[in-house]
Amino acid sequence: EKVLFAEINSDADFKAFLDQKGVSSTKELGEFVNKRIQKDYPEVKITAFDPMAGCSAFIAPSTDGGFYAGRNFDFDAEMVPEVMIIRNKPKNDDYASVSTFNLGFVNFTFPESMSDSDKNKIIARTGVFVPLDGVNEKGLVVAVLNQENTGSPNLTDEYTGKPDLTITSCVRLLLNKAATVEEAKNLIINYDLHSDIHTAHHLFVADATGKAAAFEWDNLNSDTSKKGLRITDTNCVTNHPLYKYADGVSEATLNSGYGNSVERYNTLKTNLASEKELTFAEAKELLHKVHQGTHSRWSVVYHLTPDYSEE
């Protein structure tokens, strides 16, 4: 894939997004961004958001101090034509961050005469709302992963009267405003979350102290006390919900329902069991062990330290 780079030295209208109580669908998110961009570029049209991801993610101690958090982004090649790395430096109290954006999830209509520079500005202003993974200046990493589904998808679609966020715009919220996994938890409970498309997602959240967790939403459980946000401490995530283990679901059942997700998860767990410090090369090699051939579109390793901004 072609890789683009952009820097945004503002909050990219994220405060305005939160002030309007967010959005409950990717369609609404597209309308919000489109309206903002057309103030400056009325001839530009943004017509679709369609994010989802397979993937694997982990955290491990680093030989360079701190921790390495790694992630594979797995998706069909034709849906990942270009990737943009976005460096966001808000001028308010929000944290600076670096995040990824897949251009295959959005349809841009640009006039033929538009410069590449202006195109990149528009792509970045859009992509900042649809991060698939990223790290902020405090060393918090957030990655969105797809959950493989059989039968009825375990969709996240909450309506309790709280402000709304799609899963990917929630990633932006956490990158901007959380420094730790605990702060991420305390933030996320104030919002109603919604799947970006007709499938289930979960988040891998890790911080510079080495704490990490899967943030998942259980909306099919017959036990109402277990419905909603489920948080599982873990050093790795693939594409099956980890709360299933806490609910006593057998590995055989998970294997039959979630394909090679369980196999990749067990590979990560086995390799991370010793808690040995990894070199950067070893962190990359671990991602390679769980990659899905040509289905893996990119891999990234973030180095987490208590003050990422000084690195």
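## Reading the sheets and rings

User: I'm new to this one. In what order do the strands of the eight-stranded sheet run, and is the pairing mixed or of one kind?

Analyst: This is a predicted model, so keep that in mind. Eight strands build an open sheet, ordered S1-S5-S6-S8-S9-S12-S13-S14, and the pairing is mixed. At the edges sit S1 (2-8) and S14 (228-233), each with pairing on one side only. Ignoring direction, neighbouring strands in this sheet are turned by 20° against each other on average.

User: What holds strands in a sheet together?

Analyst: Strands of a sheet pair through backbone hydrogen bonds, and they can do so parallel or antiparallel. For a case here, look at S9 (residues 141-147) and S12 (residues 200-206): they run antiparallel and are joined by seven bridges. Along that pairing, alanine 143 stands opposite phenylalanine 204 in S12.

User: Which strands does helix H5 lie across?

Analyst: Helix H5 (residues 181-188) lies across S12, S13 (212-218) and S14, and runs at about 20° to S13.

User: And the sheet with four strands: what is its order, and is the pairing parallel or antiparallel?

Analyst: That open sheet goes S15-S3-S4-S16, with antiparallel pairing. Its edge strands are S15 (236-237) and S16 (296-304), each pairing on one side only. Inside it, S3 (residues 56-61) and S4 (residues 67-74) pair over six bridges in the antiparallel sense, and alanine 60 stands opposite tyrosine 68 in S4. Helix H8 (residues 261-272) packs on this sheet, touching S3, S4 and S15, and its direction makes about 5° with that of S3. Helix H9 (residues 280-289) lies across S3, S4 and S16, running at about 145° to S16.

User: Now the rings. How many aromatic pairs are there?

Analyst: The count is 12 aromatic pairs. Take phenylalanine 14 and phenylalanine 129: their pair is tilted, 6.1 Å centre to centre with 50° between the planes.

User: Why does that pair tie together parts that are apart in sequence?

Analyst: Phenylalanine 14 is in helix H1 (residues 14-19), while phenylalanine 129 is in the loop between helix H3 (116-127) and strand S8 (133-136), so the pair links parts 115 residues apart in sequence. Phenylalanine 14 is buried, at 1% relative accessible area, and phenylalanine 129 is buried too, at 2%. Ring pairs also link Phe14, Phe17, Phe32 and Phe129 into a cluster.

Methods: Residues numbered from 1 in each chain as written. Predicted model: local features only at pLDDT ≥ 70, side-chain atom pairs only at ≥ 80, totals over all residues. Heavy atoms only, no water. Pairing = 2+ DSSP bridges. Helix = DSSP H or I, 4+ residues; strand = E, 2+ residues; numbered from the N terminus. Contact = heavy atoms within 4.5 Å. Axes fitted to C-alpha atoms, helices over the stretch in contact; angles between N-to-C directions. Phe/Tyr/Trp six-rings, centres within 6.5 Å; stacked < 30°, edge-to-face > 60°. Buried < 20%, exposed > 50% of the residue type's maximum accessible area, 1.4 Å probe, protein only.
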